Amino acid sequence: MSDNIRIIMIDQKELLQSLILDFQKKLPLKIFSRDEVLPTDSKKVISVCGVRRSGKTFVLFDTINRLIKSGVPKTEILFLSFDDERLQLKRQELDLILQSYRELYPKTDMQNVYIFFDEVQMADGWEQFVRRIYDSVSKHVFISGSNSKLLATDIATSLRGRSLQFEVFPMSFSEYCRFKNIETNTPDTATKALVYSGFNEYMRFGGFPELVMNQYRHLPQTIQEYYHVMLYRDLIERYQVKNIPVLKYFISRLLANHTSPTSINKIYNEIKSAGLKTDKNVLYDLSEQLEAINFAQRLGKFDNSVLKTELASERKVYFIDNGFLQALKQTTSNDNGKLLENAVFMHYRRQTPFMRGLYFYKKNRECDFVVLDREKPVEIIQACYNFSSPDTRKREISALLEASDYLKCNNLKIVSLDPNEEIKAASKTIRVINAAEVMLGRNNE
C-alpha cells in the first residue's frame with residue numbers, strides 16, 4: 001500500500017469517526033415522533049421506503065430515540081447518512097466504516113450494535129456491504145433510500161429475503177394534530193371545532209412534514225420543487241423516458257380524471273387527438289412507473305373473480321398527498337369532494353401495505369372503496385363531502401346497498417364532513433362518520 005493511499009484511508013477513518021461521535025453526542029434527538037414504528041428485534045434488515053420528503057430519515061431517528069430510551073447505550077448506535085458530501089467512499093472502502101467503529105469501541109461486541117444507513121443508495125456497492133454486515137456482523141441493520149435509485153422492489157431484490165419493508169407516507173391526520181398540539185381526546189364542542197377546522201386545512205393542503213411545520217408557507221413552490229425532482233430524477237432519469245411531452249400530457253390527464261374510473265385506452269385516444277405520437281404500451285409503463293415512485297396510486301375495480309379484478313382495464317387514480325392536487329391541479333372549492341376522497345384513500349392506503357386488499361366497486365352504481373381481508377370484502381366505503389341534500393343521500397345509499405348485496409358485505413360507511421348518524425335502509429345499517437374522526441381511528445365506535 002502506497003503512503004498516499006494510507007494517508008487517504010487515515011483521513012477517511014478520522015472523518016467517519018467524527019461523524020459517528022458527533023451523531024452520538026446529539027442523542028436523544030429532539031424530533032417529532034411519527035405513527036410508523038419500526039421493529040427493533042426482527043433479526044431482519046429493516047428498509048424504509050416512500051415518497052420523497054415524507055420523513056423517512058426522521059422515522060430512523062425516532063427508532064434510535066426508542067432504542068436509547070429502552071437502555072441501549074449511545075455508543076452502540078452507528079448512524080451514517082451517505083447524503084453527506086464529505087463521504088466519498090468507493091466500493092472497496094466501505095469496510096472503513098466498520099474499521100472506524102471498532103477502533104472507537106474495541107471492547108464492544110458488534111453483534112449488539114444498531115447500524116443505520118440513510119440514503120444508502122448513494123454508496124456504490126451498498127448491496128453487498130449490507131448483506132455482509134447482516135450475515136457476519138450484526139442483525140440490527142436499518143436502511144432508507146431515495147426513490148431515484150432505490151425502490152422497494154430494488155431493496156427486496158438486492159437483499160434477497162433478508163429485509164422487512166416499511167412504507168413512510170406524508171403525515172397522517174393524527175400526526176398533523178399532534179404536531180399542531182390539537183387535543184383530540186376531549187369531547188367538548190370547542191375542541192371538536194378545532195379538530196374539524198384542522199381537518200379542513202389538512203384536507204386542502206396535505207401532510208408533507210416540511211409544509212406542515214412551515215404553516216404551509218410557499219406551498220405551490222415547494223410542491224412544484226418536489227414534483228420536478230420526482231419527475232426528472234425519479235422517473236425520467238431512472239426509466240430513461242424520452243418522450244417528455246407525452247409524459248406531461250399523460251400526467252395532466254391523470255390529474256384531470258383524478259378519482260374517476262379511467263382506462264389507459266381512453267387516455268391514449270386523447271393523446272392521439274392532441275397530435276402526440278406514442279405507443280399504448282408506453283402509457284401502461286408510465287402508469288406503473290408513476291406508482292413505483294409513489295406519485296400516483298392506482299386503484300383496481302373489484303370483482304368476485306380474482307382474474308377479472310386483476311385484468312380490469314378501468315382504474316381510479318389517486319395521488320400520494322393532497323398538496324400535489326393543490327399545486328398541480330389548481331383546485332377550486334368545487335373540488336372539495338375529490339380532495340376528501342383522496343384523503344380517505346390515503347387513510348386506507350396506509351393501512352393496506354403495497355395496495356393489497358383495497359379496490360373500488362362499479363356495476364350499475366359505484367362505491368369508492370372496498371376493503372378486503374384475505375380476499376373477502378369486509379368494509380364498503382363512500383366518501384361524500386356534503387351528505388345533506390336529499391338527492392345525494394339517495395344516490396350514496398343506493399350505491400352502498402347495491403354493493404352490499406353483490407359483495408355480501410354489510411359493513412357500510414359513508415365518510416363525510418357532516419355529523420355522525422346511523423341510517424337504516426333495506427334491513428341494513430349505514431354509518432355516516434365524520435372524516436376527521438375516521439382518520440383519528442374512531443370509525444369503529
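In this predicted model, cysteine 384 has its closest cysteine sulfur in cysteine 367, and because the two sulfurs are 12 Å apart, they are too far from each other for a bond. The structure as a whole holds 0 disulfides.

**Cysteines**
- A disulfide is a covalent bond between the sulfur atoms of two cysteines.
- Cysteine 384 counts as buried, with a relative accessibility of 4%.
- For cysteine 367, the closest cysteine sulfur belongs to cysteine 409; at 10 Å, that is too far for a bond.
- Cysteine 367 is also buried, at 0% relative accessibility.

**Around alanine 399**
- Helix α16, which spans residues 390-407, contains alanine 399.
- Why does alanine 399 count as buried? Its relative accessibility is 3%, and the cut-off for buried is under 20%.
- Leaving aside residues up to four places away in sequence, alanine 399 touches Arg365, Glu366, Cys367 and Gln382.
- Isoleucine 267 lies 132 residues from alanine 399 in sequence, and their C-alpha atoms are 27 Å apart in space.

**The sheet**
- Five strands make up an open sheet with parallel pairing, and their order is β2-β3-β4-β1-β5.
- At the edges sit β2 (77-81) and β5 (163-168), each pairing on one side only.
- From one strand to the next, the twist averages 15 degrees.
- Strand β1 (residues 45-50) pairs with β5 in the parallel sense over 6 bridges.
- Which residue of β5 is the bridge partner of isoleucine 46? That partner is leucine 164.

Note on methods:
Residues numbered from 1 in each chain as written. Predicted model: local features only at pLDDT ≥ 70, side-chain atom pairs only at ≥ 80, totals over all residues. Heavy atoms only, no water. Pairing = 2+ DSSP bridges. Helix = DSSP H or I, 4+ residues; strand = E, 2+ residues; numbered from the N terminus. Axes fitted to C-alpha atoms, helices over the stretch in contact; angles between N-to-C directions. Buried < 20%, exposed > 50% of the residue type's maximum accessible area, 1.4 Å probe, protein only. Contact = heavy atoms within 4.5 Å. Disulfide = S-S within 2.5 Å.
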